[in-house]
Each structure stands twice: as structure tokens, then as C-alpha cells.
Amino acid sequence: MGRKTWICVLAAALAGIMLAGCGAKETAQKPQDVQQEGEAGTEEAAVPEDSKPIIGFANYSTISYFMDMGAAAHKAAEEAGCEFHELYHGGDAAVMVDQIEDLVAMGCKILITEETDDTSMVKTFQELKAQGITIVSCDIRTKEGVDYWIASDNKQIGRTSGENAVAYLKEKYGEEKGTIAILSSKTTTSMIDRAEGFKEVIAEYPGIEIIDEQFPTDFSAVDMMTLTDDILQVYGKDTLDVIFASNQTQVEGANSAIVTAKRQDVALFGVDDSDAIYEALQDPNSTLQSTVVQDPIAMGVQAVKAGLALYGGETFETDTYNPDVVLVTRENVAEYMSDKASQVEALKNYYN
């Protein structure tokens, strides 16, 4: 997916896109103070005039989540007076290493990165640190070498969806009972954490049973549709109440399978967003109840702000920033999409 899904991801309460960059101070604010919830500053970043670092972003892919993050970072960098370069590695660690080398050759002193896993970049990052390069990591965190980490609390994402699923089951049966299947992963840390958070909530209710959990390695929507169809065939009508899907393509594929099979008895709860997901939330034939969305715009802005602050010699009390997540349901999806559209409109000139 490319720009066509640009209206789908929301920042929880971001009133504007741009936040001020950080200048050199003896002691930095907490990350939560650098960007207050629901606020967006408009003044330019206080970067020393004689030291405007070039900022590079080794981004993941051209789905809307990553593109919104990149556009927000681009705008933040430009308003701070910094040159900005963005490349997409497509989840290939070897390509990412090559791209980082290219960004460094362009003169980048601050690198924003979207890792493929938590180990493959360790050696590269150690070498970059030895060169005095500031590294801000988004989503997956490499075990060593990162100065600052920006990521949603993925366990909280799972817990939020789990609580919504429990509420659905209580409304359906008058009590907390029912059966659940989970689509997850054994290798992608964010998806693992989401499933764990979901299961933590379900474990509090003895009447709710997780009867199946699948761990695909290919997350294409087509494969997720096939996998979900297999699950629906194993668990016939009125034997499965809920499917939890832990990323965008799993939600899309699972929804397509449920709609095609006309299995109105199976409710879907998901994570992430796309045009297809928001259409499903508004489709009476779909059983998708909710999706928990992240805030890539806030993440892109904060990545630039943190990178500039650290480059300027500041220190943070913590090296981690967790932006809020939002539960989008059938009841609030229209309002949510309208709010998001206005924010993405402000980024339209910054997409790579």
C-alpha cells in the first residue's frame, strides 16, 4: 500500500503536527514534557545556527503508517532548519545496512531507524556510535547502540483490544464467557507483545477460553484470509466467538474471510489501520468490532525532537517515549477519520 491509505492512521489527540525542536541545555525535559499530549507547538526548533545537523530516516516500507511517520519527521526537520533524507528498506536488514551507509555518506548526523528485528543492527549501530552519530529507533528496538527509543506500548495495545473483546462477550452472553482464536507471530516482537497483552486480560476470566493460536510467517492479507478461512472451517457455526488479529494485514485478511464465509457469529478485534479496516468498521456485513491504532505522526515528530536534543548535548531521564494509542470502534470511526484527514493534509508536501 502507498499514499492511497494516507487517511487511515490517527494521532490520539494531536491538534497540530509540528513541535518545537530542542536546543542545547544542561538538563533536558522528560520525553513526555517534550511533547505534551494533545498539544503541538508551532515555533521553530532551537538548533544552534552554526550546527544544523542533516537528519536521515531508514524507514521500513511504503504503507501509510510508515509514510505518515516519515512525513511528520520530514516536516519537523524542515521547520528546525535541517536537511532531511528518507529511504525505505522494505524489511530487509541487508538493504537497511546499505541505506544507513548511504545516509551517513550524505552527511547525516542524526539517524532515525525502523529496524527489522532487535539484533541485526547491533554491530552497525555500535560503529555509528563510534562516529558520534545519534540514533533514534522507532518501534522495534535494537538491543544495543540506540540513544532513544520511540514505540507504542504493544502490551497495552493488546490489553486494550482484550478489554473490548471481553465487553463484547459480556454483552453477547450476559456474562464473561466465550471462545477465542488469536492470529499472532513468533518472530515479530510487537505482535508477540500484543498477543501477550490480549491474553493477560483474557486470563482474568475463567469462562473465556483461547481455543486456537496461529503464528504465520507470511503476513500478506491474502495468506491471512486463507489462514482464517481454515480456522473457520475447523470451528463451525457458534463454536468460535472472537478472532483477535495482531496487525494490519491479519485484520484485513481475517475480515475478508469472515465476510466471505458469512460468519456473523465470529467477531473480529484488531490492531492497526488502513482504508480497508475503516471501511470494514462501517460495513454492516463485517463483524470487525474495533481496531487499536498507533500514532505515527507523533512518533515522527518526537524522533526529530529527541534526535536534535541529544545531538545538542541534552540528556533524558528515560530513553523511551510511548505515545498514546486509540481504540477505534464502529461508533467513533467516522469522527476519527475526519480528524485524521485534516492532520494528514498538513503533511501532504512532505511524503517521500
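**Entry 1: where α7 meets α8**

I started with the contacts (heavy atoms within 4.5 Å) between helices α7 and α8. From α7, Ala 221, Met 224, Met 225, Thr 228, Asp 229 and Leu 232 meet a set of residues in α8 that includes Thr 249, Gln 250, Gly 253, Ala 257 and Ala 261. Helices here are DSSP runs of H or I with at least four residues, numbered from the N terminus. This is a predicted model, in which local features need pLDDT of at least 70 and side-chain atom pairs count only at pLDDT 80 or more, while totals for chains, interfaces and linings use all residues. I also noted that residues are numbered from 1 along each chain as its sequence is written, and that side-chain values use heavy atoms, with hydrogens and water left out.

Next I looked up the geometry. Helix α7 (residues 221-234) and helix α8 (residues 248-261) pack at an angle of about 50 degrees, and their axes are 7 Å apart. The axes are lines fitted to C-alpha atoms over the stretch in contact, and angles run from 0 to 180 degrees between N-to-C directions. I logged the crossing of α7 and α8 as right-handed, meaning that the near helix is turned clockwise from the far one by less than a right angle.

**Entry 2: aromatic rings**

How many aromatic pairs does the structure hold? I found 6, where rings of Phe, Tyr and Trp (its six-membered ring) pair if their centres lie within 6.5 Å, with planes under 30 degrees apart called stacked, over 60 edge-to-face and the rest tilted. Tyr 65 and Phe 66 form an edge-to-face pair, because their planes stand at 85 degrees, with ring centres 5.0 Å apart. Tyr 65 is buried at 8% relative accessible area (buried is under 20%, exposed over 50%, partly exposed in between, with a 1.4 Å probe and protein chains only). Phe 66 is buried too, at 10%.

I then turned to Tyr 278 and Tyr 336, whose ring centres are 6.0 Å apart and whose planes are at 35 degrees, so this pair is tilted. Tyr 278 sits in helix α9 (residues 275-281) and Tyr 336 in helix α11 (residues 333-345), so the pair ties together parts 58 residues apart in sequence. Both tyrosines are buried.

**Entry 3: Thr 124**

I placed Thr 124 in helix α4 (residues 122-130). Its relative accessibility is 13%, so Thr 124 counts as buried. Beyond neighbours within four places in sequence, Thr 124 is in contact with Val 97 and Ile 100.

Key
Helix = DSSP H or I, 4+ residues; strand = E, 2+ residues; numbered from the N terminus.
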